[in-house]
Every structure is written in C-alpha cells, then in structure tokens.
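Here's a quick briefing for anyone meeting this structure for the first time. Have a look at it first, then read on.

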Amino acid sequence: MDLNKKAALVLGGAWGIGRAAALALAGQGMSVAVAWYDRQSAIPGLERDLAATGADFCIIHADLREPGAAQTLAEQAAAKFGRLDLLVNNVERGGWPVVHGPYTPAQWDLEMQSTLWAKRNMFEACLPFLKRQGGAVINISSIAARVGRSGPAAGVFNQGYAAANAGVKALTADFARRGAPGVRVNELMLGFFETRHGPGTRGWDLLDENQQKAILDHTLLGRTGTLDDVARAIIFLARDADFMTGATLTLDGGYILGGDTAPPMPRGVEPPGADTRFK
C-alpha cells in the first residue's frame with residue numbers, strides 16, 4: 001500500500017512505540033491522528049515533532065475503556081482527513097510483577113479491558129472506514145503470549161498480561177477474515193524494547209543488574225529493541241506486506257528461541273560420504 005497521502009490512526013501515541021510509529025508514518029507522507037490517554041506532559045513535544053514532518057495531523061485524547069469512545073475516535077480521525085487507511089492498534093496495560101506485586105481484580109480487569117476489549121472496539125469502529133478504499137490494521141502484542149511469567153521474564157510478564165496477549169492472536173485471525181479481501185490485518189509481536197518492557201521503563205529499573213543481564217543473555221541478539229526497529233517493522237507491515245494477512249511478525253531479537261546457541265556439528269560414527277542406506 002502506497003502510504004503517501006493516506007491517513008493513519010495510531011493509538012498510544014503520547015510516547016514510546018506509539019509516538020515512534022506516528023512520526024515514522026508522517027515521514028512517509030501520511031496524515032496521522034494520534035490518540036493518547038496519559039503522559040499529558042509529552043503532548044507538546046509530540047505536537048512539535050509532528051509539525052516538523054510537514055504532515056497533516058491531529059492529537060486526540062481518549063479513554064478507550066469508556067463506552068462509545070472507540071466509535072467517537074474513529075469518526076473524529078476519519079472526519080479530519082476524509083478517509084482512514086491504517087489503524088495501528090497499540091493499546092494495552094500490562095502489570096509488571098516487580099511493580100504491582102500480586103494481582104488485584106482491578107489490575108486484571110484493566111489488562112483485559114485495554115489489551116483485548118479496546119483493540120476489539122477500535123477495529124469494529126474503524127472497519128467501515130478502512131473498507132471504503134482498502135487499508136490495513138496492525139495489532140501490537142507481546143511475546144508474553146508465548147513465554148508467560150517464566151525464566152528471565154518472570155519479573156516482567158504476569159499471567160493476565162500473557163493471557164490477554166494470547167487472545168490478540170485470536171482477534172487478529174478474526175479481524176483478517178472480516179476485513180478480507182480489502183483490509184489486511186496482521187499482528188506485530190514485540191519482545192523487550194526501550195520504553196516497553198526494557199530500558200526507559202519504571203519496571204526495568206526495578207530489576208537488578210543480574211536480572212537485566214539474564215534477559216539480554218536469553219536474547220540471541222544480545223540487546224533490547226529500539227524504537228527505530230519497531231517503527232521500521234510497522235512501515236513494512238503497512239506499506240510492503242501486500243500479500244500478508246492474519247499473520248504474526250515476531251520482533252524479539254530471538255528471545256523466544258532462548259539464549260542457547262547451536263553447538264558445532266558432531267563428528268558422527270560414519271566416515272564422510274559413507275553409504276548408510278542399507279544399514
């Protein structure tokens with residue numbers, strides 16, 4: 001999909017990954033509506049940086065837990081630009097065990113409401129607009145769906161967050177069927193990134209040096225992801241993945257595979273070139 005002169009709605013855009021996505025899409029010539037809920041102090045800087053791209057944009061406050069908020073947000077974005085071509089479904093709330101400790105009902109409900117319910121509502125509200133000229137949806141999720149509260153990630157991901165992110169896969173499949181053939185829907189599953197489960201977050205700073213090192217050692221590429229890494233992946237899914245829908249792109253530096261590297265090939269017991277077909 002050619003992004004120039006198209007319009008995107010990016011959720012969670014006040015900072016971090018949402019902000020990076022909004023700026024990257026604006027740099028591709030898209031008009032961008034950015035939704036935010038908290039971190040109000042970041043909005044003046046976001047407004048300045050978006051203006052510097054020369055793109056048409058608007059910044060909208062929304063609490064997507066509220067009834068009707070998703071519909072209102074989609075209508076505002078579509079009315080501003082006269083169209084809607086891309087939804088970056090970047091909304092969630094995850095509870096870090098090292099931050100929040102044992103579960104409370106309120107924390108569990110918040111994770112389900114934001115990670116699943118808000119994503120579902122935003123897709124429903126945006127789909128009629130996306131279908132008018134064809135478009136795409138990118139659901140942002142976490143490798144917590146795969147690894148849960150285990151290993152080096154035990155202090156980062158808890159069971160509710162893992163369960164909610166596992167549910168994103170089911171939403172992605174359903175959305176892809178509903179959107180086809182004109183609207184592509186894919187999932188971007190993220191590992192440890194700066195501002196998201198990595199450096200620059202309150203939870204990361206609560207991990208001690210050994211806990212942080214264990215996460216990096218478990219990641220095949222030996223580092224956490226950058227905002228540029230995820231922004232380029234979002235551009236790929238929006239612009240270049242025209243024959244891709246209902247799929248999950250995992251961007252985790254190899255964390256799911258684990259930190260163990262492949263050992264050298266053993267010598268074996270047969271000489272090189274031996275014919276073992278009849279043994």
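Histidine 197 sits in the loop between strand 6 and helix 8, where helices (H or I, at least four residues) and strands (E, at least two) are DSSP runs numbered from the N terminus. Its phi is near 65°, a positive value in a residue other than glycine. Histidine 197 counts as buried at 6% relative accessibility; buried means under 20% relative accessible area, exposed over 50%, and partly exposed in between (1.4 Å probe, protein chains only).

This is a predicted model, so local features need pLDDT of at least 70 and side-chain atom pairs count only at pLDDT 80 or more, while totals for chains, interfaces and linings use all residues. Residues are numbered from 1 along each chain as its sequence is written, and side-chain values use heavy atoms, with hydrogens and water left out.

- Most residues other than glycine have a negative phi, and most peptide bonds are trans.
- Threonine 195 also has a positive phi, near 75°, and lies in the loop between strand 6 and helix 8 (202–206).
- Threonine 195 is buried, with a relative accessible area of 18%.
- Alanine 180 and proline 181 are joined by a cis peptide bond, with omega about 0°.
- You'll find proline 181 in the loop between helix 7 and strand 6 (183–190).

**Aromatic rings**
- There are five aromatic pairs, counting rings of Phe, Tyr and Trp (its six-membered ring) whose centres lie within 6.5 Å; planes under 30 degrees apart are stacked, over 60 edge-to-face and the rest tilted.
- Phenylalanine 123 and phenylalanine 175 form a stacked pair, 3.9 Å centre to centre with 5° between the planes.
- That pair links distant parts of the chain, 52 residues apart: phenylalanine 123 is in helix 5 (residues 105–133) and phenylalanine 175 in helix 7 (residues 159–179).
- Both phenylalanine 123 and phenylalanine 175 are buried.
- Ring pairs also tie Phe157, Tyr161, Phe192 and Tyr255 into a cluster.

**Around methionine 244**
- Methionine 244 is in the loop between helix 10 (227–240) and strand 7 (248–251).
- Beyond its neighbours within four places in sequence, methionine 244 is in contact (heavy atoms within 4.5 Å) with Arg184, Asn186, Phe236, Leu237 and Leu249.
- Methionine 244 and arginine 184 are 60 residues apart along the chain, with their C-alpha atoms separated by 7.1 Å.

**The whole chain**
- The protein chain has 10 helices and seven strands.
- Of its 279 residues, 49% count as buried.
- Its C-alpha atoms fill a box of roughly 70 × 45 × 35 Å, taken along the principal axes.
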